[in-house]
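The report below describes the overall build of a structure and then turns to its charged side chains. Please read it alongside the sequence and the coordinates.

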There are 2 protein chains.
Amino acid sequence: MTKYVYLFSEGNASMRNLLGGKGANLAEMTGLGLPVPRGFTVTTEACTRYYKDGQVIAKEIEDQIYEAMAATEKIVGKKFGDPTNPFLVSVRSGARASMPGMMDTILNLGLNDEVVEGLAKLTNNARFAYDSYRRFIQMFSDVVMEIEKSKFDEIFDAVKEKSSAATDAELTAEDLKEIVSKYKELYWKEKGSDFPQDPRMQLMAAVKAVFRSWENPRAIVYRRLNDIPGDWGTAVNVQEMVYGNMGDDSGTGVAFTRDPSTGEKKLYGEFLMNAQGEDVVAGIRTPYPIEKMKEINPEAYNQFIEIAEKLEKHYKDMQDMEFTIERGKLFMLQTRNGKRTAGAALKIAVDLVNEGMLTKEEAILKVDPKQLDTLLHPNFEEKALKAAKPIAKGLPASPGAATGKVYFNADDIVAAYNAGEKKVILVRLETSPEDIEGMHVSQGFLTGRGGMTSHAAVVARGMGRCCVAGCSEIKINEQEKYFIDKNGKRYNEGDWISLDGSTGNVYGEQLPTVEPEMAGDFATFMEWADEIRDLRVRTNADTPNDAATALKFGAEGIGLCRTEHMFFEADRITAFRKMIVSSSEEQRRKALDEILPVQRKDFEGLFEAMEGRPVTIRLLDPPLHEFLPQDEDDIEALAKELGISADELKNIIENLHELNPMMGHRGCRLAVSYPEIAEMQTRAIIEAAINVKKKGTDIIPEIMIPLVCELKELKFVKDVITKTADAIISEAGVDLQYMVGTMIEIPRAALLADEIATEAEFFSFGTNDLTQMTYGLSRDDAGRILEDYYQAKIFEYDPTARIDQSGVGKLMKIAVEGGKATRPDIKLGICGEHGGDPLSVEFCHEIGLNYVSCSPYRVPIARLAAAQAQVKNPRK
Amino acid sequence: MTKYVYLFSEGNASMRNLLGGKGANLAEMTGLGLPVPRGFTVTTEACTRYYKDGQVIAKEIEDQIYEAMAATEKIVGKKFGDPTNPFLVSVRSGARASMPGMMDTILNLGLNDEVVEGLAKLTNNARFAYDSYRRFIQMFSDVVMEIEKSKFDEIFDAVKEKSSAATDAELTAEDLKEIVSKYKELYWKEKGSDFPQDPRMQLMAAVKAVFRSWENPRAIVYRRLNDIPGDWGTAVNVQEMVYGNMGDDSGTGVAFTRDPSTGEKKLYGEFLMNAQGEDVVAGIRTPYPIEKMKEINPEAYNQFIEIAEKLEKHYKDMQDMEFTIERGKLFMLQTRNGKRTAGAALKIAVDLVNEGMLTKEEAILKVDPKQLDTLLHPNFEEKALKAAKPIAKGLPASPGAATGKVYFNADDIVAAYNAGEKKVILVRLETSPEDIEGMHVSQGFLTGRGGMTSHAAVVARGMGRCCVAGCSEIKINEQEKYFIDKNGKRYNEGDWISLDGSTGNVYGEQLPTVEPEMAGDFATFMEWADEIRDLRVRTNADTPNDAATALKFGAEGIGLCRTEHMFFEADRITAFRKMIVSSSEEQRRKALDEILPVQRKDFEGLFEAMEGRPVTIRLLDPPLHEFLPQDEDDIEALAKELGISADELKNIIENLHELNPMMGHRGCRLAVSYPEIAEMQTRAIIEAAINVKKKGTDIIPEIMIPLVCELKELKFVKDVITKTADAIISEAGVDLQYMVGTMIEIPRAALLADEIATEAEFFSFGTNDLTQMTYGLSRDDAGRILEDYYQAKIFEYDPTARIDQSGVGKLMKIAVEGGKATRPDIKLGICGEHGGDPLSVEFCHEIGLNYVSCSPYRVPIARLAAAQAQVKNPRK
């Protein structure tokens, strides 16, 4: 029989997949002899079984839960539902991967009308007992029974007002009893039955609610943004309650073994006295820094310091811990590898190696490549920053600089973003998991409440967004969509502000930004990555400027230069359009002759910038109609410029129209119809290489033919290229090498790669198009479809966002095998956007590609991902 | 060293691939001891080598040709270029597959100014000698040197006029000498050099010209239309000349061992006295029927009869022979399996079995499945035919009935066809290979000159087109594009006529047509095919009418019922449009409720028509915007009908617009977005099946989900279907079975077929879409691309026209293997248009599909192709 429930004493850290992160770490801590409240974990397999059984908890799982409950009662010497010696528990979710704020938690479970009275007597603290009960009723009703939380808040606030209590702490036991009574009335009204008094029924309903919450919309969105598969499921942790709210000798807090913002080696955290964990995380009261605990309870503080050190050494990583002090006694409620900023991640990784705790290979695995992104984006220009005057200051919750227009809720900001406003900032009193999509599109977040570990701060660091939290100097009106700064100035929806996540400063204007430096820990760390990795990293760059940026980021060549972008620039678009509307080869050649010198100059610039590194240039790819204007005025203007009538031009545009342009007259098909275009481009490339070579820079241009589906078509275009190139080279009398290869971006090319490789000297996987054609799904038209597919839980994320290993990946493997069979030394790369996606990079490493190519800003990410792939699966 | 040249005495019929059809048969006849003029064959490998070497004949090939020439000279006892005893040869092409009129021929090679004099002396016939020389000069100049033939014709006609000769035969030796002299002048003017006098140079130039002609545009088009690969190449036959034009005791002719129009067992042919072969084929003089030879030369006639019988027995097939009588002596110039009409092919196949000459299996292979097409199309309605009065009568050259608008040249008819005129008839004085594309789009051909073996007649029978040839009763003016009938009435371009290819009658009007009967030899033959084949044949049918036609043609079920066609009919399109523009599920359901009863009735009709045979119904597939009107007036009208404003409707249409609709919101993606559509369709199918079952017809509907790319999506839609169906079935209390399966039409579905098969009970390959996506080529946009690709010799035919075995076929094999691995008894079929293409059918047989499905008219073709596949590669 499958074991679905493990006591903490039965598990350990290696059982993360089964017990979830939280459960595995609670078990590990228990094993280490740390003060962990007793309890057990219902496995992730129980969750997947629950869904398989049609959202029912099987009898055998229920039985195992009750057994574990009985065993735990025995250990703690209390009894579930016994008013004279009540056993109360928390029920918490805990997935394999940490999903902060995504899953639901229930505290104080086991309370009912009788038990609360018993608890009051036992603790001699009626206020505490009823405070616990009212919290439980509200949480249970909200999370398990789905009664709106705000309805409870209304009752709570009304009683608070009636009794003139300024803070929650001022509420008396009588007030809390009244609240409990009103809560129960509300429950009856909403559900038509009494609030459940049977603790076993409460427990099973809570477990079910945790399982259910795995599929709530927030969790699904979070998983989509964080590459977490939907079939993992969550575990459930049932744990003895300890109370930070038992009076002034009690408290609760969270702490990191190192500073999660900077990586500095010092204990970093905050706590609240007489409070439960939710109070800290929700950011409702502003907590004390952890050091203050030394004054309040030095013994517990020292014990905590010792435990923190022990845990960091044990896990060989910075720890994020939750603790509670119940009547002076310390309990550890959680430990996990702490989330951190990218800068902190690098510093911690480098420090841990220097401290001898990790090898370089181990350190490489400690940093999420995606996180580097934050280090690669601009900061504010120093001069502008100095001149600017902050309009408010909050907590520097996540570093970086953000400039954007303000929006006051997730829906508005998503709508604005989708309408084209790419620079937007979310301003909220405090954020909640419901805001997750809005946060994702934002440059940064500004919140009026909450601390460094509030929801907004945690999410910001995870996403690599800048965040200023707990900024009480501004008054936010979410309803009417504005805020007032410390000087009384009003900012409405759509106004510009800037956030400095490293200082907490807020500016009431748009500030210019500058590129970051790649030095210090970053440089050290990336050096290690480069030492380790076997997969090369190139960049997609069309201009010398792009190329220079990419070089700074460590690019080892250009994997994709898209020549079409070169045609859109003002000094050549007219000549190019002339070429398109030409009615004869002669006219076309004349127009191409105008383009040749500018294109040659482009290539010279690129070659010079790359200083001898390989450069892959793709011949013209998009359908010609993309270059022609669409609206009346532009057509009129162009017609005049071209010396033809607007009707003629419209006719030409009409004729170029295609029903499915993606599968139409583009790529090498253009070169077959108009070999003179390929000729001109070859001439520009080869002449540029010769000119640059004469100046002393050796270059081997790689000419890439796009959209090939058939050997003969490749050969036709290759013949045009080699004939042109060889003639130029022999005329110039220069010893210039060049290569001719092809994109593999059409399924047929992948299937027939063995044939294609007889002519192609290299393959570059164009996984953007390859994915769309393999799925039969046009990315441009996928918006509506994807929404419905997420809804129906068919897709968990956009299938075009990364390499689909099972489908597209199968084609890639066929192509790699075929290509190598024909030409063992064939050069294999990828130049789709996937080249900068860590999971895709790992896949490329595994199937044996020589390089990935990605946008300049993604180069460091790809370098790290490649190093991690090598550590996990060495291939040299 | 490779042997590139074979004497006729060195080859045999089995060497067709190497020697070409003509060469292999000449060798075989030589081996049989028949009177064949001596000679040799330059192999097809020499041709492919010629192209590989860059259109150069390698030295070793040249040497072998001269060696063979010397050997032949020795045998015949004459000498090439020797005026006292000249050896003259013909040089003819001969590919593996017969390509009538496609390749070029040169006669009388070896003549020059000296040799012609010698020949005149030797034969004591100066007229004959100079007639031969002028023919040679013209042919060599035209075919080898590419000087326009018409320039020679002008000279010829001028001399003829000057000497008042009514026919060619009336020209004197002096006239012909003058012509020769003027021809040579013309040659000098055109080429700047003398007409080549060196016979060896003539020979090598002629061989080269034959090789070159393999790639002439006519040959390429012919190959495209006839599935002949471009890399086969042609052989060259060099053969001693014999002369049908040596006087009145000489002649030349062609004959078939059975009537190629009807299949009747009797010698069938025609001949001309004092003529060379080109005169018969070109249709310039009207020849005698073969029987007349008995009077003229009974000995040769009897010898020919004997040879004809011998050859038919030897080849076990009807023979098409060319012969020449030189001064009373019979020579065989060619034999081959004769082209024949479909009706004749069936009769001959059945007769040969009955005569004990063939087994049924052998007979099955004798008929080209594509040819059956002619038997499956309409004839004229008998009543209308009786009432109609012919406006002229010609030779019944290819049977069948054609009705269409007349056009007078290939370009015009192709243009008209492309502009949408699908019923067109080509009217020409005589056709020539240049007309091949125009002939392909025509319903039939009408020619003013030429016999039963003229170009038009041969091509018509090969293509299965109706043809009335040699219709001298009409006067055709090709230049001014009209003809005058026997009553003096004028018919202009675009006027309707009708042709009866079985009687030779021409009608000056559009005549109604009727369906053909499938009886007699046809029925017998198809019965044999059905006995033999293992692959089932279904049909694509959307209406009971289609289904009935298909049943008549032998369909064993419906492989594809496209439900979308059902929505376009007048009584439901409005309801369907209402459904599309609905803004809520409720509105949508209301509109669907209106459609349900009509759709149910459609299915009932289909099920009843199919009488218990399997019926596969595909859920709605095309994007919804296809159902909405596009032009202003229609939008206005629809908006009114729907009770919304035109602007609202335009907005909805705008929103449904897609950039690449083929890869957009269609297929099962619609069912995911609007499960209520799938629900309604399932309801209609299941209720219809129940109703039909209650009336006594058992049916197992196969519900097919289109455009699947992912298991979860299939499961989602399948769940909608089974939930709906099971509820209806259980409510009805009827024991109804049904199946749910999927199209495999997206590359990813093929790649992941093993997963897909966990839910799909059957696969049906949608090779139309699968081909387009595998090639990344939209058929709708391919026109221009294909033209350029034919031009560049990248494609030889439209790659979407049949299954691309190497690319798409590879995906299909992956899918078949995957599907069977998961579900060994999975039902596998194909429902793309390829299901009716013989080569594709053979491929489907080979990879193990259970059935093909094709349009009703293609069912017999598929049945025969399936039987042939089984004979060639038995699988049961």
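A residue counts as buried when its relative accessible area is under 20%, as exposed when that area is over 50%, and as partly exposed in between. Because Asp53(B) has a relative accessible area of 34%, Asp53(B) is partly exposed. The model discussed here is predicted, and the values that follow are to be read with that in mind.

**Overall build of chain A**

Chain A contains 35 helices and 31 strands. Its radius of gyration is 31 Å, close to the 29 Å given by the globule rule for 876 residues, so chain A is as compact as a globular protein of that length. Along the principal axes, the C-alpha trace of chain A spans about 100 × 60 × 50 Å, and 59% of the 876 residues count as buried. Among the contacts in chain A between residues at least 6 apart in sequence, 69% join residues that are at least 24 apart.

**Charges and salt bridges**

Chain A carries 107 positive and 138 negative side chains, and the centres of these two sets lie 3 Å apart. Over all chains, the count of salt bridges comes to 121.

| Pair | N to O distance |
|---|---|
| Asp168(A) and Lys160(A) | 2.8 Å |
| Arg538(A) and Glu702(A) | 3.1 Å |
| Arg49(B) and Asp53(B) | 2.8 Å |

In the salt bridge between Arg538(A) and Glu702(A), Arg538(A) lies in strand β24 (residues 536-540) of chain A and Glu702(A) in strand β27 (residues 701-705) of chain A, so the pair ties together parts that are 164 residues apart in sequence. Both Arg538(A) and Glu702(A) are buried.

The salt bridge of Asp168(A) with Lys160(A) joins a partly exposed residue, Asp168(A), with a relative accessible area of 35%, to Lys160(A), which counts as buried at 17% relative accessibility. In chain B, the side chain of Arg49(B) meets that of Asp53(B) in a salt bridge; Arg49(B) counts as partly exposed at 21% relative accessibility, and Asp53(B) is partly exposed as well, at 34%.

Which residues are linked in a network of salt bridges? The network takes in Asp530(A), Arg533(A), Arg536(A), Glu556(A) and Arg863(A).

Terms used
Residues are numbered from 1 along each chain as its sequence is written. Chains are lettered from A and ligands numbered from 1 in the order in which they are written. This is a predicted model: local features need pLDDT of at least 70, side-chain atom pairs count only at pLDDT 80 or more; totals for chains, interfaces and linings use all residues. Side-chain values use heavy atoms; hydrogens and water are left out. Helices (H or I, at least four residues) and strands (E, at least two) are DSSP runs, numbered from the N terminus. The radius of gyration is taken over C-alpha atoms; the globule rule is 2.2 Å times the number of residues to the power 0.38. Buried means under 20% relative accessible area, exposed over 50%, partly exposed in between (1.4 Å probe, protein chains only). Contact means heavy atoms within 4.5 Å. Lys and Arg count as positive and Asp and Glu as negative; His and the chain ends are not counted. The place of a charge is taken as NZ of Lys, CZ of Arg, CG of Asp or CD of Glu. A salt bridge is a side-chain nitrogen of Lys or Arg within 4 Å of a carboxyl oxygen of Asp or Glu.
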